[in-house]
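I opened my notebook to look up a few things in this protein. Come and read along with me.

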Amino acid sequence: MVQREPEQFQELAVPVSPTHVQASTPEQVLSINESIHLSAALVSHIAEESNIRVLLIKGPAATLVGARLQRPSCDLDVLVDRPGMTLLLNELERKGWEPRIHRVSEAFPDHSKTLLHPRWPSDIDVHWRFPGFYADESTVFELLWQSRQSVELGGRPAWTLSSNDALLVTLLHALRGPASGVLEGDIAFCREKICISPKEHFDRASELGALGPLSPVFASIPETSVLDFREPPLDWVLRTTAQRSATLRLFHLIEIPWHRKPAALLHALFPSRDSIGWHDLRLRHTNIWQQFPHRVHRLWRSLSDSLQILKEVREIRSRIQK
């Protein structure tokens with residue numbers, strides 16, 4: 001007997017609402033919230049059917065387990081066990097989801113792949129590792145998987161992180177960009193939760209290799225401030241210091257051997273079609289003259305921010321030389 005997919009996943013080219021109401025026009029538009037909930041249900045369905053281990057992280061799943069303040073999300077983030085990653089990506093692409101970029105520059109530490117669908121307003125970020133957890137990749141996933149719990153999104157059950165693990169993920173994400181008011185609120189929210197049992201969270205962060213990135217929080221709590229911390233790795237320093245992609249490109253250009261600098265400089269000045277189409281997939285299918293205004297804008301933005309970019313590069317170098 002052939003097993004059929006649930007109704008909401010049979011026609012992914014035209015997304016439907018959670019209530020399965022027929023669209024009144026060929027171009028039915030989902031709200032961001034509907035899109036995220038349905039994409040969570042889609043990923044969970046693929047994971048179950050294909051026997052892939054996938055965890056929902058951040059976003060509404062974190063809110064459901066009490067690890068994040070209630071607020072709208074912009075995309076769906078999932079963490080997949082590395083052996084099942086290719087199968088999950090292939091299944092999503094088969095249903096119309098397209099990778100944002102096919103080749104990632106060496107200047108950008110690779111940890112996830114972003115998928116977009118032309119008729120869905122939210123992205124799906126498929127992570128095989130989460131920045132901030134620096135223990136062995138497979139060890140991290142096993143630890144998170146062993147403590148997982150179930151939530152319901154998009155009308156079907158899905159696996160997500162435990163409340164304590166989700167709290168660490170929320171905090172790590174917030175510490176990567178604390179200049180935002182929303183993220184400052186997340187830091188305060190997480191710190192208050194951690195203060196209830198700081199040693200328990202400290203030990204869990206140690207297991208996951210997150211003590212370096214989380215040291216500012218644990219150092220501010222009396223019970224854990226006297227404990228030993230690790231220095232955060234270069235990956236974390238880059239993520240928390242470089243507020244612009246041009247900073248990463250310049251740092252990468254400085255650090256690589258001389259014989260590789262010409263090719264890296266050429267790529268920075270004349271980025272690939274995929275790089276130009278990072279935020280807008282339509283630009284991938286345009287010719288060089290149609291892309292020209294976007295290339296000029298990118299170069300002008302980097303020149304305008306040059307002083308701040310140099311400042312960030314100096315800060316990165318000073319942090320890693322300590």
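This is a predicted model: local features need pLDDT of at least 70, side-chain atom pairs count only at pLDDT 80 or more; totals for chains, interfaces and linings use all residues.

**Entry 1: Thr160**

I began by listing the contacts of Thr160 (contact means heavy atoms within 4.5 Å): apart from neighbours within four places in sequence, Thr160 touches Leu55, Leu56, Ala61, Val65, Arg148, Gln149 and Val151. Residues are numbered from 1 along each chain as its sequence is written, and side-chain values use heavy atoms, with hydrogens and water left out.

I found Thr160 in strand 7, residues 156-160. Helices (H or I, at least four residues) and strands (E, at least two) are DSSP runs, numbered from the N terminus. Is Thr160 buried or exposed? Thr160 counts as buried because its relative accessibility is 1%; buried means under 20% relative accessible area, exposed over 50%, and partly exposed in between, with a 1.4 Å probe and protein chains only. I also noted that the Thr160 side chain reaches the backbone oxygen of Leu56 at 2.7 Å.

**Entry 2: Ser112**

Next I looked up Ser112, which lies in strand 4, residues 112-116. Ser112 has 18% relative accessibility, so I put it down as buried. Its side chain makes a polar contact with the side chain of His111 at 3.4 Å. A polar contact is a pair of N or O atoms within 3.5 Å; within protein, one must be able to donate a hydrogen and the other to accept it, and residues adjacent in sequence count only if both atoms are side-chain atoms. Leaving aside neighbours within four places in sequence, I listed Val126, His127 and Trp128 as contacts of Ser112.

**Entry 3: cavities**

How many cavities of 30 Å³ or more does the structure hold? I wrote down two. On a 1 Å grid over the protein atoms alone, a cavity is a set of points where a 1.4 Å probe fits but cannot get out, and lining residues have an atom within 4 Å of a point. Grid points are joined across faces, edges and corners, and a volume is the space filled by probe spheres set on the points.

The largest cavity holds about 60 Å³ of space. Its lining includes Leu79, Trp128 and Phe141. Helix 4 gives the most to this lining, with three residues.

The second largest cavity has a volume of about 40 Å³. Strand 1 (54-57), helix 2 (59-64) and strand 2 each give two or more residues to its lining.

**Entry 4: cysteines and Val29**

I searched the whole structure for disulfides (a pair of cysteine sulfur atoms within 2.5 Å) and the count was zero. Cys74 counts as exposed because its relative accessibility is 63%, whereas Cys190, at 0%, counts as buried.

Val29 sits in the segment before helix 1 (32-50). With 70% relative accessibility, Val29 counts as exposed. From C-alpha to C-alpha, Val29 and Pro121 are 8.1 Å apart in space, yet 92 residues apart in sequence.

**Entry 5: the whole chain**

Last, I stepped back to the protein chain, which has 15 helices and seven strands. Buried residues make up 47% of its 322 residues.

How values were computed: On a 1 Å grid over the protein atoms alone, a cavity is a set of points where a 1.4 Å probe fits but cannot get out, and a pocket is an open set with protein on both sides within 12 Å along at least five of seven lines; lining residues have an atom within 4 Å of a point.
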